[in-house]
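Hi,

Here is the structure I said I would pass on.

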Amino acid sequence: MIRDDIYEYSLDAHHDEETGKKIRRKIWIVTLVLTVITGAEVFMGAIIKQGDTWSWFFTKWAFVIMTIFKAFFIVMTFMHLGDERKGLRYVILVPYILFILYLMFICLWEGKAVGASWPATYAG
Amino acid sequence: MAGHATKQIDAKTLWGGKMSPFSTSYGKLMMWFFLVSDALTFGGLLMAYGFTRHATDQAWPIGEETFNSLPFLGHGYPLIYVALMTFILIVSSVTMVLAVEAGHRMDRRGVTKWMIATIIGGFFFVGSQAWEWYHFIHGSEFGKIELADGSQAIVKGHFGDIENFEITKAGHHYKEGGKLIEGKSDKDKKIYGLEEGELMHMYQHAAADGHIVYNKETGASTITLHDGSEAKISKERNEHLELIVKKKGKDFKVNQKIEGAKAEKMYEEVIGSGEKNRVIYGANLQQNEYGPQQYAQFFFFITGFHGFHVFSGVIINILILMMVLKGTIHRRGHYEMVEKTGLYWHFVDLVWVFVFTFFYLI
């Protein structure tokens, strides 16, 4: 008899030693990537001076891109989001990214406007 | 990670539907939802920080100027300490993911080993943050000064050692002719021994309260101590001073630099102005040496909130480790609990990656 109130699905994701080896290799590669990026960031931060220069402009954006790169590796490999179903991946990432982009635009834009409208009264 | 079914689960106790959404368990999906909402909280905080930074007309503190110290080694190491903290957190994230991987092989020893490593890394990070806070609150030797034109400037250079205070007018405690020196007292109360760093402490307190008076003609400074006594300050000269203007006044613009003998003279005059609050040391919720007041508020709140996450993560990891040691989790036939705490732990690392960029680098 088939009971329809019992379903099977996996709570766990067991793998054997062979697969484990591959996964561990991937983990160590990601570790290396994260370390190298962090090292590069600190090096650039210590060397390149802040200011209204082109070199700082590019450095700033390089920092942002490197950070997103690091975040991608952490979420996809360490948090295993890369191994989850596509649907789950999008349910988590898409609303968040859309909302944050909107918030970023609105806050930084408004911040500039507020600073220009009430100089010296904000952040005094 | 979707795998093959190993166990039958009563539909009522879990989802009630015929399929598990996205082939994940209830607990894991809820952990993800929690993490998304927590990420929005941190995102909102960092946005508010960005808003303030864009709205201010003062110079924002620069990471490599503000955080350039190492324990036992002093100043001159821009961003090295925070890089070390970041590295510790990344490594603890790696050990956590190794614990999760060991769990997938039902390797109880492996899980135990890597979880212990993760907990140690977590404690190291929280400890490092405590040191960072201490340093941030304590401030630099020079402090931030308010110049005669109303502008504010931070100071870089070599701070001359304070040798002693020689009492010129007796107070309640110290007698005339006595000397305050870091070291041991003698019997006939000619020398008052102080602990290391105490002269500096008294000097900074007096400077902030306007109790130091600089004589322009002789170049000597006198200090009024807590007990009302007055003393002559013997101090080596400050050298290679550089004043960097952070808030504009009548004469100076933001980011303008003042160097050389002029800077040294201006600094002495501010410290010895005899006016209260002309110099600020360190940061707290009322004043901030490094720049706009909001910077200190955001620093304390965001790194504090993150540190609280790390701390609770360590506690959760310890609880799960205890369950692993007792064999509770092994008997369940899967190590999903380790995977769920792992998600939280990686999230904490993820947040730090962003805090690191926006607080320290940019």
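Strands β7(B) and β8(B) (residues 221–224) run antiparallel and are joined by three bridges; two strands count as paired if DSSP finds at least two bridges between them. Within that pair, B:Tyr214 has B:Ser221 of β8(B) as its bridge partner. Helices (H or I, at least four residues) and strands (E, at least two) are DSSP runs, numbered from the N terminus.

Before going further, the bookkeeping: this is a predicted model, where local features need pLDDT of at least 70 and side-chain atom pairs count only at pLDDT 80 or more, while totals for chains, interfaces and linings use all residues. Residues are numbered from 1 along each chain as its sequence is written, and chains are lettered from A and ligands numbered from 1 in the order in which they are written.

Back to the sheet. β7(B) and β8(B) belong to an open sheet of six strands, ordered β6-β5-β4-β9-β8-β7 in chain B, with mixed pairing. Its edges are β6 (191–194) and β7 (212–214) of chain B, each pairing on one side only. From one strand to the next the twist averages 30° (axes are lines fitted to C-alpha atoms, for helices over the stretch in contact, and angles run from 0 to 180 degrees between N-to-C directions). Helix α5 of chain B (residues 198–209) packs on this sheet, touching β4 (162–169), β5 (179–182), β6, β7 and β8, and its direction makes about 60° with that of β4(B). Contact here is two residues with C-beta atoms, placed from the backbone, within 7 Å.

Chain B also has an open sheet of five strands, β11-β10-β3-β2-β12, with antiparallel pairing. Here β11 (257–259) and β12 (279–280) are the edge strands. Six bridges hold the antiparallel pair of β3 (residues 152–158) and β10 (residues 239–247) in chain B, and B:Gln152 stands opposite B:Lys247 of β10(B). Helix α6 of chain B (residues 260–271) lies across β2 (144–146), β3, β10, β11 and β12, at about 70° to β10(B).

Now the helices. α1(B) and α7(B) pack with axes 11 Å apart, at an angle of about 170°. That makes the two, α1(B) and α7(B), roughly antiparallel (the term covers angles over 145 degrees). B:Leu45, B:Tyr49 and B:Thr52 of α1(B) meet B:Gln294, B:Phe298, B:Phe301 and B:Ile302 of α7(B).

What about the cores? A nonpolar core is a set of buried Ala, Val, Leu, Ile, Met, Phe, Trp, Tyr and Cys residues joined through C-beta atoms within 7 Å. The largest has 66 residues, and B:Val82, B:Ala99, B:Val111, B:Met115, B:Val355 and B:Phe356 touch the most other members. Both chains contribute: α1 (17–47) and α2 (54–78) of chain A, plus α1 (26–55), α3 (80–104), α4 (108–138), α7 (293–326) and α9 (336–361) of chain B, each supply at least two residues. The largest share, 16 residues, comes from α9(B). A second, separate core of 31 residues includes B:Tyr174, B:Val245, B:Phe252 and B:Tyr267.

Is B:Val351 buried or exposed? B:Val351 counts as buried because it has 25 C-beta neighbours inside 10 Å (buried takes 20 or more other C-beta atoms within 10 Å, C-beta atoms being placed from the backbone). Leaving aside neighbours within four places in sequence, B:Val351 is in contact with B:Phe42 and B:His306.

Cheers

Methods:
Buried ≥ 20, exposed ≤ 12 C-beta atoms within 10 Å, placed from the backbone. Parallel < 35°, antiparallel > 145°, perpendicular 65-115°, else oblique.
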